[in-house]
Amino acid sequence: MSEGLPSGYREPVYKGDYSFNTGKLHQFTWVDYMIFAAVLAISSGIGVFHAIKDRKKNLDNYLMAGRKMNPIPVGLSLLASFMSAITLLGNPAEVYLYSIMYFWIALGYFLCIAGASHIYLPMFYQLQVTSAYEYLERRFSRGVRTAASLVFVLQSILYMAIVLYAPSLALNAVTGFTLWGSVVAIGCIATLYTAFGGMKAVLFADSFQVLMMMTALLAVLIKGGMVVGGLGPAWESLKRTNRYIWDDTTVDPSDRHTVWSLSIGGYFTWVAIFGVNQTQVQRAVTTPSLTKAKIAMWMNFPGKCFILFLCCFIGIYMSAFYENCDPIKAKFISDSNQVLPMFVMDVLSDQQGLPGLFIAGLFSGALSTLSSGLNSLSAAVYKDVISLYWKNKISDRSGRILSIVIVIIFGAILLGLAYVASLLGNVLQAALSLFGIIGGPLLGVFTLGMFFPWANYIGAFCGLFGSLIFLFWIGVGAAVYTPPNLKAFHYIHNCNLSVLSNGTIASMFSNVTKVYDTGAPAYDLYRLSYIYYSMTAVLTTVVIGLVVSFITGYTKPKDVNPRLICPFFDIIFPFCLLPECIRKPLRFGIVHTGVYGEPEKVEDDKVKHEHVESYLNLALEVDEKQEKLDLTKIGTDLIAADKFHTKL
């Protein structure tokens, strides 16, 4: 293929009222605005409904929905929480900028859901946690729990800032709607219905929003395929533009996307989210049984694959449509994350309402992620910081009010951080890099505790922060000295030059088919593929944690509560098929009792103990109203709490 500008026109040529023919972007009609507003109103209405319905419920109901949720809305909420506008914008842009290699992430999804469902989730479910970081206190120390929770807070607010900014940028590009006006509007809506509606509002709003996302993607896929002429012409376009790369099996960790990086690296990246992230754990344990929690978790595999395939095929059609007039080079848009919204307006603008439906789906993804994240931040900060250190001074009612205030504060912080997100470029890579750099060390410290009984709290501290520092060094270095990445060919020879400025035309003709997007970085370590960040972080955490633990006095396996160690070789295929004579020494002296993941009765007593204070506060309120109080019930719970502490 020629490296210069080809002369004349070449197929495919699309004639019609498209941006590259007219030089103008299509705009929303009043019907689009109506549909967009209706979706936001419905999401807000769900929050208002549950705020009114559950206004008298206790803190556990606010944070955990009473732990009696049906697995279907829980599964949809798990899917929506991290299938945000970043996925909807980033996956098609990935195909457009690079190739179709990203399809392989589906294998990473499968491994992730299997690991999260059968290794990590049973541990949290049997402990009946509200915050995932409660495990770290029981395994290591209170300090490790608080430190990990604060690291999660940092990860969440940075990620949600990207989620908040990305759809606002898209809306601004295709409708002219003010960028920061939409940032503020979406941020406020998500904050308010999360703050007052609690977990139930989040779960049901997420369920509605994920269905909106899928509907919007289907509309774009069907119409895009009709305009391009089907999958055949689109596939030929992939070959002409160097996007037909799907079988890269090299083991070089510096290659951006390969079969191995997307499957193995993808597993570590996503299990850090589905396995130990507070946002996902908190939702999973709202179900009444471990079996239903696993059902909710496994619903995510077909759901994630369905959204992945929709996005990638839209990216294929989008690449074919703009094969001969790259909208970025033609200066119609300024960012790769705006290509999909422009494509939507080009191919759907003749159908009033459909562009509005797509943008509504885009913002539904943002709302679901923001609401889930804010709710989890509230639980983490309240349980791991405020309640942990000032528990005796906070009533159940005050705890709920505090949780609402925390949501509102973090919502305000997100609006400020959205500006930072505007500087990060490709939203998909930025988000997944963030999961690896910050989420990876968190996965590492949980893995250290669950699989290595010799680790102590000093090792956990050193492993967590040592890994964070190491990964931040790599991440910042890669951002400053961006590694060379093979890009697709982007042409401009079918653009209507008569509608473009002289400056735009001059820039279009320079370096038309640039293959690599930058030069070599200063250090080889900066070349590490971002998809390997999480795996690198886990290995670093475990190595540092074990070395420090043995130096400072390792924990003897017999002194560790067996319910805090995962019986890996007894539950994971094919190791569980090994004879007992082989599996016994692999337990390192730890005797596992009961079914892994099933709560013991002592845990029920613990739950009762945690509600004793609520009963006492109720007693004071009832006494003020001169009503009768069941003192026998309170006495029973106090005795149960005392027995629990005796057992410990």
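This passage walks through the predicted model of one protein chain, from its overall make-up to individual residues.

The model is predicted, and residues are numbered from 1 along each chain as its sequence is written. Local features need pLDDT of at least 70 and side-chain atom pairs count only at pLDDT 80 or more, while totals for chains, interfaces and linings use all residues; side-chain values use heavy atoms, with hydrogens and water left out.

The protein chain contains 26 helices and zero strands. Here helices (H or I, at least four residues) and strands (E, at least two) are DSSP runs, numbered from the N terminus. Of the 648 residues in the protein chain, 59% count as buried. Buried stands for under 20% relative accessible area, exposed for over 50%, and partly exposed for values in between (1.4 Å probe, protein chains only).

In soluble globular proteins, nonpolar side chains tend to be buried together. A nonpolar core is a set of buried Ala, Val, Leu, Ile, Met, Phe, Trp, Tyr and Cys residues joined through side-chain atoms within 4.5 Å. The largest such core in this model has 178 residues, and those with the most contacts inside it are Y120, F124, F321, F343 and F446. Leaving out residues up to four places away in sequence, Y120 touches G115, Y267, V271, G275, V276, L443, T447, M450 and F451.

Helix α6 (residues 105-127) also holds Q126, a buried residue with a relative accessible area of 1%. A polar atom of the Q126 side chain lies 2.6 Å from the backbone oxygen of R563. As for the cysteines, C112 is buried at 0% relative accessibility, and C305 is buried at 8%. With a disulfide taken as a pair of cysteine sulfur atoms within 2.5 Å, the count comes to zero.

A pair of aromatic rings is described by the distance of the centres and the angle of the planes. Rings of Phe, Tyr and Trp (its six-membered ring) pair if their centres lie within 6.5 Å; planes under 30 degrees apart count as stacked, over 60 as edge-to-face and the rest as tilted. The whole structure has 26 aromatic pairs. In one of them, the ring centres of Y18 and F321 are 5.0 Å apart and the planes are at 85°, so this pair is edge-to-face. Because Y18 lies in the segment before α1 (19-22) and F321 in helix α14 (residues 300-321), the pair ties together parts that are 303 residues apart in sequence. Both partners are buried, Y18 with a relative accessible area of 14% and F321 at 2%.

The pair F568 and F569 is edge-to-face too, because its planes are at 85°, with ring centres 5.3 Å apart. F568 is partly exposed at 23% relative accessibility, and F569 is partly exposed at 25%.

A charge sits over a ring if NZ of Lys or CZ of Arg is within 6 Å of the ring centre and within 35 degrees of the ring normal. The charged end of R243 sits over the ring of Y96, 5.0 Å from its centre, and that of K304 sits over the ring of Y109, 4.1 Å from its centre.

Finally, several loops deserve a look. S529, in the loop between α20 (502-508) and α21 (533-552), is buried at 2% relative accessibility. Its C-alpha atom is separated by 5.0 Å from that of S254, 275 residues apart along the chain. Neighbours within four places aside, S529 is in contact with P253, S254, D255 and R256. P574 lies in the loop between α22 (568-571) and α23 (580-583), and the peptide bond from F573 to P574 is cis, with omega near 5°. N242, in the loop between α10 (231-240) and α11 (259-274), has a positive phi of about 70° although it is not a glycine.

How values were computed
Polar contact = N/O pair within 3.5 Å; in protein donor to acceptor, adjacent residues only side chain to side chain. Contact = heavy atoms within 4.5 Å.
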